[in-house]
Amino acid sequence: MRSYLNARQRLDQERVRDEIWTLYADLKAYQRAPDPAAVADLRARFEAIFSQKTAFATLNQTLKRLKTHQRELLLVLLRPDIPLHTNGSENDIRGYVKWRKISGGTRSDLGRRCRDTFASLKKTCRKLGISFWDYLNDRIGQVGDIQPLPEIVRERALPASGVP
């Protein structure tokens with residue numbers, strides 16, 4: 001048995017890859033401008049792509065595995081406000097991991113809690129478009145120009161909660 005893909009397998013692999021990326025681009029477009037009329041077409045395309053059989057057994061298994069997660073993968077059709085990928089979650093911890101590697105960790109439980117708290121505040125400020133330095137100065141100086149972060153998060157979450 002040869003360890004490289006034959007021409008038919010390669011063509012199948014490239015065609016399916018292109019179909020998936022085209023569907024992904026269309027799901028992103030739907031997310032930016034939801035159109036209820038497009039939902040049936042997007043679902044049908046997902047079904048067609050992930051139900052097909054190719055000349056490549058490994059690709060068939062991957063398609064079958066992904067099809068079992070159809071509900072989660074197409075959740076954007078019900079909730080356009082949710083992301084299509086997990087990059088945001090991975091990015092959330094990236095700064096913390098680099099910080100931990102450089103510093104070699106903390107010496108105490110209190111140090112760990114402080115580091116975790118400040119890392120969380122910094123990331124939350126960044127996501128809300130607030131300067132972390134300005135937020136800290138506002139809190140330390142008890143100025144009160146910047147609302148508490150939980151209030152800002154709640155206010156910004158209200159519009160998203162109206163999505164079915």
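Buried means under 20% relative accessible area, exposed means over 50%, and partly exposed lies in between (1.4 Å probe, protein chains only).

The model is predicted: local features need pLDDT of at least 70, side-chain atom pairs count only at pLDDT 80 or more, and totals for chains, interfaces and linings use all residues. Residues are numbered from 1 along each chain as its sequence is written, and side-chain values use heavy atoms, with hydrogens and water left out.

**Exercise 1. Describe the salt bridge between Arg-15 and Asp-12.**

Step 1. Read the distance. The two side chains meet at 3.3 Å, N to O.

Step 2. Look at the spacing. Both residues belong to helix 1 (residues 7–32). They are 3 residues apart, so about one helical turn separates them.

Step 3. Arg-15 is partly exposed, with a relative accessible area of 32%. Asp-12 is buried, at 7%.

**Exercise 2. State how many salt bridges the whole structure holds, and name the members of a network.**

Step 1. Count. A search of the whole structure finds 12 salt bridges.

Step 2. Name the network. Salt bridges link Asp-109, Arg-112, Arg-113, Arg-115 and Asp-116.

Step 3. Pick one pair. Arg-115 bridges to Asp-116, the closest N and O atoms being 3.1 Å apart. Arg-115 is buried, at 8% relative accessibility. Asp-116 is partly exposed, at 27%.

Step 4. Contact means heavy atoms within 4.5 Å. Not counting residues up to four places away in sequence, Thr-106 touches Gly-111, Arg-112 and Arg-115. Thr-106 lies in the loop between helix 5 (87–103) and helix 6 (109–128).

**Exercise 3. Decide whether Asp-138 is buried or exposed, and list its contacts.**

Step 1. Locate Asp-138. Its place is in helix 7 (residues 132–140).

Step 2. Decide. At 4% relative accessibility, Asp-138 is buried.

Step 3. List. Leaving aside neighbours within four places in sequence, Asp-138 is in contact with Val-143, Gly-144, Asp-145 and Ile-146.

**Exercise 4. Name the residues that touch the most other members of the largest nonpolar core.**

Step 1. Take the term. A nonpolar core is a set of buried Ala, Val, Leu, Ile, Met, Phe, Trp, Tyr and Cys residues joined through side-chain atoms within 4.5 Å.

Step 2. Name them. Leu-23, Leu-27, Leu-42, Phe-50 and Leu-77 touch the most other members among its 15 residues.

Step 3. Trace the sources. Helix 1, helix 2 and helix 3 (57–67) each give two or more residues to this core. Helix 2 gives the largest share, 5 residues.

Step 4. Look beyond. Apart from this core lies another, of 7 residues, among them Leu-128, Ile-130, Tyr-135 and Leu-149.

Conventions:
Salt bridge = Lys/Arg side-chain N within 4 Å of Asp/Glu carboxyl O. Helix = DSSP H or I, 4+ residues; strand = E, 2+ residues; numbered from the N terminus.
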